[in-house]
Amino acid sequence: MERPGRLLLLSELRVRNTAYDVSLSRSLLTWKRRISSPVYHPFRPRFCVPSFPRRPDSGVCHSVSVSEIISVREEEEENSSRQRDDGSWKKIKEREGKDCRQAFTVLYVERCRQHRWRCAEVTFTCPEEALYQRWVSSIREQLASITSRPKHLLVYINPYGGKRQGKHIYEQKVAPLFAQAGVSTHVIVTEYANYARDHLRTEAELKKFDGVVCVGGDGMFSEIIHGLIWRTQIDGSVDPNCPDQTLLPSSLHIGIIPAGSTDCICFATVGTNDPVTSALHIIVGDSQPMDVCSVHHNNTFLRYSVSLLGYGFYGDVLTDSERKRWMGPARYDLSGVKMFLTHHYYEGTVSYLPARGIVGTPRDAAKCRSGCVVCQHNGQLLSKRAENYTMDEDSESDGEWRTIRGKFLAINAASMSCACPRSPKGLSPAAHLADGTTDLILVRKCSRFDFLRHLLRHTSKDDQFDLTFVEVHRVRRFRFTPRYCQSDSDLELDLRENGKRQIFSQICRDHPACGCAPAYSSWNCDGEILTHTAIDVRVHCQLIKLFARGIEEPTVFEDLTNPCAI
Ligand SMILES: Nc1ncnc2c1ncn2[C@@H]1O[C@H](COP(=O)(O)OP(=O)(O)OP(=O)(O)O)[C@@H](O)[C@H]1O
Ligand SMILES: CCCCCCCCCCCCC/C=C/[C@@H](O)[C@H](CO)NC(C)=O
Ligand SMILES: [Ca+2]
């Protein structure tokens with residue numbers, strides 16, 4: 001809990017007819033129930049007392065960080081209105097032609113179970129109007145001084161994501177909160193896939209907005225980052241097709257209102273998939289930087305990825321599930337079981353550039369949490385390296401590239417934990433949101449039983465990497481070439497290493513009807529299927545910023561004082 005600093009106001013106000021000592025500093029609003037004193041002066045105002053408030057040793061004490069106040073609402077005095085003939089209400093309690101109001105309501109963030117936030121409110125009644133005016137304007141002044149809060153937002157709604165509830169969720173749960181917080185919005189309901197991406201690329205008047213909000217799932221978020229990142233590069237004369245180019249970060253923050261099937265980006269950055277919680281993070285102007293991977297094929301840009309790039313199992317699950325989109329989120333479960341039973345493996349070569357000099361490993365017990373020091377440290381390190389950059393340090397000549405050839409059930413690159421309700425710890429539990437690396441997970445050919453053990457460990461406390469057929473590397477860049485695309489020299493190498501050249505998988509690629517295992521899978525890139533299998537992936541550290549703060553560790557203080565959290 002923050003120390004309050006110098007008090008701006010300290011008064012005796014009433015909350016539900018009980019006297020409270022209420023104080024406001026630049027950082028905290030505090031209200032503490034008064035304990036009965038020998039001489040009681042109701043509503044005695046005191047101003048600017050330069051002291052730290054007494055410890056909450058007796059009476060109930062509530063504190064709210066000013067940064068988590070949503071707004072202040074002026075209340076009408078009870079019985080102060082009378083109905084006009086036309087049915088509308090007119091205030092009758094007037095003093096010298098001015099409205100006489102004495103109660104105001106503060107709307108603020110309250111933490112509930114499992115990282116959920118709610119908009120709570122408390123109404124204070126003042127003994128006199130001058131004091132009321134002073135309180136309302138002081139709180140508003142403090143809120144106005146927070147420059148990180150968005151005032152104008154561009155909102156895209158996918159009406160067909162998840163359970164097709166995007167529009168309803170936005171109208172019922174989010175729009176009223178934005179209105180209460182005084183955030184203006186320009187809302188666009190998308191008409192077809194890639195509508196939002198293309199609008200952002202070419203048409204949107206981005207200068208008018210402080211941020212972009214997407215209402216939908218991971219696929220919709222992907223559209224938004226594609227539009228924004230592309231637009232930023234074109235405006236800044238950076239060629240997005242060149243994999244070695246350092247990309248320019250967008251100045252706009254992105255907010256996610258979860259209304260999709262997996263919503264793993266929202267879950268991994270907020271800790272829950274709850275539209276109200278996300279709306280509140282947007283309103284208070286939270287900021288969470290995030291890494292973005294660029295995916296290229298032969299020096300041609302394919303896509304960006306922020307969560308999972310998965311070849312083999314997750315690529316096949318996605319390909320199969322796209323045919324079952326009508327089933328909604330359940331399609332992933334059905335395709336997951338089907339692809340598990342199919343048990344296809346794929347041959348190819350993975351080369352990667354290990355992340356060196358950075359803090360953290362994929363097997364760490366510590367997780368990426370709000371204010372993560374690993375992300376801060378590595379972010380600073382990588383930006384310093386970028387400043388001193390004279391040649392392409394990620395290039396082949398670096399000599400640090402490592403190569404692995406083999407048969408894989410899955411090749412996954414997790415740039416963040418990829419936690420979601422299906423797997424609350426995620427594909428790579430210790431991966432970081434903004435450390436400039438991705439965790440490359442290689443699951444080699446093994447028995448169905450062993451693969452099931454690996455998969456089930458995504459849902460339990462056991463370590464999914466602690467298996468002989470699984471390896472994980474924290475990398476800055478990697479490449480994959482499926483076996484059928486390998487050059488003659490690579491195939492020669494395979495022949496020498498394996499003794500016998502197996503060409504059947506190559507043949508079966510051209511004869512899918514033969515019933516043999518297919519030679520190649522597809523890449524699942526944040527829920528979209530890539531058109532190429534041979535790819536070159538590079539992590540761009542902290543390229544985008546979200547209206548989020550990472551998953552918060554629950555504090556003992558919150559658990560004890562917040563009745564909603566117990
Ligand atoms: N108006 C639209 N009509 C059809 N498709 C759309 C429309 N707007 C967006 N899309 C596309 O719908 C796809 C799925 O959207 P979204 O990510 O919101 O939901 P989801 O796939 O159910 O959830 P998740 O990605 O979290 O699994 C995206 O690829 C997006 O490009
Ligand atoms: C046979 C039992 C299987 C249990 C396995 C549980 C493992 C679940 C792990 C889910 C990870 C999801 C990672 C998220 C990827 C998203 O980018 C993408 C788009 O929303 N979602 C999917 C499902 O591809
Ligand atoms: Ca990362």
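Trainee: Why is Lys 338 called partly exposed?

Mentor: One reminder before the numbers: this is a predicted model. Lys 338 has a relative accessibility of 39%. Buried means under 20% and exposed over 50%, so Lys 338 counts as partly exposed.

Trainee: And what makes Asp 320 buried?

Mentor: The relative accessibility of Asp 320 is 2%. The cut-off for buried is under 20%, so Asp 320 counts as buried.

Trainee: How do you know that Asp 320 and Lys 338 form a salt bridge?

Mentor: The closest N and O atoms of Asp 320 and Lys 338 are 2.8 Å apart. A salt bridge needs a side-chain nitrogen of Lys or Arg within 4 Å of a carboxyl oxygen of Asp or Glu, so this pair qualifies. Asp 320 sits in helix H7 (residues 313-322) and Lys 338 in helix H8, 18 residues apart, and the pair links distant parts of the chain.

Trainee: What separates Glu 171 and Lys 167 in helix H2?

Mentor: About one helical turn, because they are four residues apart in helix H2 (residues 166-180).

Trainee: Why does the pair of Glu 68 and Arg 549 tie together parts of the chain?

Mentor: Glu 68 lies in the loop between strands S5 (61-65) and S6 (69-75), and Arg 549 in the loop between strand S26 (535-546) and helix H13 (556-561), so the pair ties together parts that are 481 residues apart in sequence. Glu 68 and Arg 549 are both buried. They also belong to a network, in which salt bridges with shared partners join Glu 68, Arg 111, Asp 286, Arg 549 and Glu 552.

Trainee: Which residues coordinate the calcium ion, ligand 3?

Mentor: The donors are Asp 291 (OD), Ser 415 (O), His 432 (O), Asp 435 (OD) and Thr 437 (O), at 2.3 to 2.6 Å. The limit for Ca is 3.2 Å, so these atoms count as donors. Asp 291 lies in strand S17 (residues 288-297) and Ser 415 in the loop between strands S21 (402-414) and S22 (438-444), so this pair ties together parts that are 124 residues apart in sequence. Asp 291 and Ser 415 are both buried.

Trainee: What makes the approach of Glu 223 to ligand 1 a polar contact?

Mentor: A polar side-chain atom of Glu 223 lies 2.3 Å from an oxygen atom of ligand 1.

Trainee: Where does the largest share of the shell around ligand 1 come from?

Mentor: From H4, with four residues. In total, 23 residues surround ligand 1, and by class there are six nonpolar, 10 polar and seven charged ones.

Terms used
Residues numbered from 1 in each chain as written. Chains lettered and ligands numbered in written order. Predicted model: local features only at pLDDT ≥ 70, side-chain atom pairs only at ≥ 80, totals over all residues. Heavy atoms only, no water. Near = heavy atom within 4 Å. Polar contact = N/O pair within 3.5 Å; in protein donor to acceptor, adjacent residues only side chain to side chain. Helix = DSSP H or I, 4+ residues; strand = E, 2+ residues; numbered from the N terminus. Nonpolar A, V, L, I, M, F, W, Y, C, P; charged D, E, K, R; others polar. Donors = N, O, S within 2.8 Å, 3.2 Å for Na, K, Ca; no water. Buried < 20%, exposed > 50% of the residue type's maximum accessible area, 1.4 Å probe, protein only.
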